Amino acid sequence: MTTDSGIKNACWQSLGNAKDVVCRQLGYKEAHSLLQKAAPSDLKDVIFSGSIVCSDGDKKLSQCSVTASSQSCSKFSYLKCHICPRPLLGDKQRFPDSSFIASASSESRSPSDARISSGSSWCAPVSDGKHYLQVDFGRLYVLYYVAIFGDSTSSKWVATYNLNYTVDLINWRSAWNQTISGNKNAYNHAAIQDFPEGITRALRFIPLSYVGQPCMRIEICGVALLPDKPTTLTVTNIKARSARISWADPNNVGDGNRTGFWFKLKKENFVIQNITDYNENEYEIHNLTSYTTYKISVAVGNKHGFGEEIITSFTTSEEAPEGPPLNVKVTVECSSSLSVTWEPPEKDKRNGIIDSYTVCISHEESKPCFEKQTAKERMLVIASLNASTKYYVRVLASTKVGSGNYSESKGKFTNESKEENDDGSEKYLAGIIVLAIVLVMSFVIIAYLIYQVRRLKSSKPNPENTKNEDKNNSEEIDENPDNDDANYEDVENEVSAYTALKRPGPGEEENDVHLYAHLNEVHADYVIPKETGF
């Protein structure tokens with residue numbers, strides 16, 4: 001420090017509350033730390049051991065009260081200044097090197113060299129208002145100050161620059177409508193500027209004028225707009241129907257104080273509990289379903305809203321099944337066995353992993369089991385039963401915790417024994433044969449009766465038909481005397497009968513007496529006088 005008597009090193013006790021004023025005079029907001037350091041043996045400057053008293057609003061040492069002292073001091077002050085208590089870019093985990101990008105870089109410099117602790121700086125190829133250094137915060141932040149510094153190894157710094165910002169990485173705006181003043185030297189001067197817009201997602205520093213070369217380092221002060229996620233989320237005291245969760249506040253609650261927690265409980269991706277005004281750091285969950293996986297999330301809120309969630313999952317304990325097996329079916333295997341099949345209980349009533357089934361066999365529907373059999377699979381054959389006997393079967397399911405309820409009883413008769421079955425088969429076959437014989441005889445009798453009825457109907461004469469037939473036969477005999485087939489007629493009829501006698505054949509005398517007569521009736525319209533002589 002410089003006093004009226006020249007440049008002196010200040011004893012570490014001398015600065016007192018003047019340390020913040022010293023940092024303000026260097027361009028910083030306040031002092032970060034004040035350490036004592038042993039004076040080196042080759043120290044040429046006189047150590048000042050007096051006192052310096054400053055007011056809270058003083059920005060330069062000349063505004064403070066300096067009192068000299070003759071007291072010797074073997075240690076001097078080592079003062080560290082900063083622009084804010086927790087500068088953002090010093091957190092490499094939150095802001096890795098990938099957060100820095102640039103339009104271009106020179107002298108093998110990378111954008112991340114703009115970090116104040118890099119021991120170097122980022123340099124633009126030229127200062128033409130087009131090249132920029134960009135910092136992406138990854139989410140919305142409330143910014144208070146920005147500061148730029150020159151190169152840490154050479155006399156290169158930015159004298160003026162512009163600053164643009166964005167909240168969506170698409171639309172960029174200028175933070176000020178005028179050029180911003182930069183550094184005055186490369187080493188210890190911080191050009192700090194208030195950030196008027198507050199909320200932003202990313203910044204772009206655009207060098208305009210420079211000394212030596214457009215090189216800069218940067219630092220930013222601010223906080224995340226929303227809180228970080230809770231540091232821990234633990235589920236304890238897990239039971240079949242309840243569980244307890246607890247969590248710890250985040251290190252950063254964002255811009256403002258913590259206002260509460262947002263608690264969500266999901267089952268199969270459906271939200272079943274949603275609480276937004278909870279203020280405690282633990283919560284007891286009830287009315288859960290046994291042996292079910294749940295997903296739980298907790299977020300911290302402030303005046304702007306809720307931040308990032310912390311998520312975990314847990315599975316409730318098992319219980320005995322609430323429901324019985326479904327679709328129980330009993331089928332007959334033989335005279336001494338039954339087969340039983342079934343399906344597991346409803347999914348939401350299993351309450352765990354079904355590891356076995358118990359099959360109960362009884363003689364009556366509601367009576368106790370006279371035999372129980374256990375199965376791992378969903379089927380069982382019950383053997384050594386009595387023939388022609390009705391049995392009742394019911395089934396229950398079990399987890400490792402306990403057993404559920406029985407299904408409804410299903411009744412079923414076993415088959416008859418083989419001897420009874422063989423005797424019955426013979427009787428059945430004999431009955432079939434007798435029935436077949438009776439049916440055949442019935443068919444024969446019916447056919448005979450039908451035949452007789454038709455015969456009687458066909459034997460009744462039709463007078464008109466009879467007349468026509470007699471006339472035709474007489475004409476045929478008259479016209480074809482040589483036709484033996486036409487000279488004879490035999491007609492049997494209950495109404496009329498006649499006999500046609502043979503006419504003279506070849507070589508016979510024509511005067512032979514021929515007779516043509518009807519035995520029962522003579523039809524005058526058929527008589528030919530020439531032939532009969534009548």
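**Cysteines, strands and salt bridges**

Colleague: Let's start with C360: is C360 buried or exposed?
Modeller: The relative accessibility of C360 is 0%. Buried means under 20% relative accessible area, exposed over 50% and partly exposed in between, with a 1.4 Å probe and protein chains only. C360 therefore counts as buried.

Colleague: Thanks! What kind of model is this?
Modeller: Residues are numbered from 1 along each chain as its sequence is written, and side-chain values use heavy atoms, with hydrogens and water left out. Local features need pLDDT of at least 70, side-chain atom pairs count only at pLDDT 80 or more, and totals for chains, interfaces and linings use all residues, since this model is predicted.

Colleague: Which residue forms a disulfide with C360, and what is the handedness of that disulfide?
Modeller: A disulfide is a pair of cysteine sulfur atoms within 2.5 Å. The sulfur atoms of C360 and C369 are 1.7 Å apart, and C369 counts as partly exposed at 22% relative accessibility. The partner is C369, and because the torsion about the S-S bond is about -110°, the disulfide is left-handed.

Colleague: How many disulfides does the structure hold?
Modeller: A disulfide is a covalent bond between the sulfur atoms of two cysteines. One of those here joins C84 to C221. The number of disulfides in the structure is five.

Colleague: How far apart in sequence are the parts tied together by C84 and C221?
Modeller: The sulfur atoms of C84 and C221 are 1.9 Å apart, and the torsion about their S-S bond is about -90°, so this disulfide is left-handed. C84 lies in the loop between β7 (75-82) and β8 (100-102), whereas C221 is in strand β16 (residues 215-224). Helices (H or I, at least four residues) and strands (E, at least two) are DSSP runs, numbered from the N terminus. The pair ties together parts whose separation in sequence is 137 residues.

Colleague: And why is the disulfide of C54 and C64 right-handed or left-handed?
Modeller: The sulfur atoms of C54 and C64 are 1.8 Å apart. C54 is buried at 7% relative accessibility, and C64 is buried at 11%. The torsion about their S-S bond is about 110°, so the disulfide is right-handed.

Colleague: Let's turn to strands: how many residues lie between β25 and β26 in their hairpin?
Modeller: Two strands pair if DSSP finds at least two bridges between them. Six bridges join β25 (residues 326-334) to β26 (residues 337-343), and these strands run antiparallel. L326 stands opposite E343 in β26. The number of residues between the two strands of the hairpin is two.

Colleague: With which residue does E343 meet in a salt bridge?
Modeller: A salt bridge is a side-chain nitrogen of Lys or Arg within 4 Å of a carboxyl oxygen of Asp or Glu. The N to O distance for the E343 pair is 3.8 Å. E343 is partly exposed, with a relative accessible area of 35%. The residue that meets E343 is R378.

Colleague: How many salt bridges are counted?
Modeller: One of them is between R201 and D136, at 2.7 Å from N to O. There is also a network that links D91, R94, R139 and D228. The count of salt bridges comes to 14.

Colleague: Finally, which residues form a nonpolar patch on the surface?
Modeller: Patches are made of residues with over 30% relative accessible area and no salt bridge, joining like charges within 9 Å and nonpolar side chains (Val, Leu, Ile, Met, Phe, Trp, Tyr) within 5 Å. Accessible areas come from the Shrake-Rupley method with a 1.4 Å probe, and for residues only the protein chains shown count as cover. I437, in helix α3 (residues 418-459), is partly exposed at 48%. Together with about 400 Å² of accessible area, the patch is formed by L429, I433, I437 and M441.
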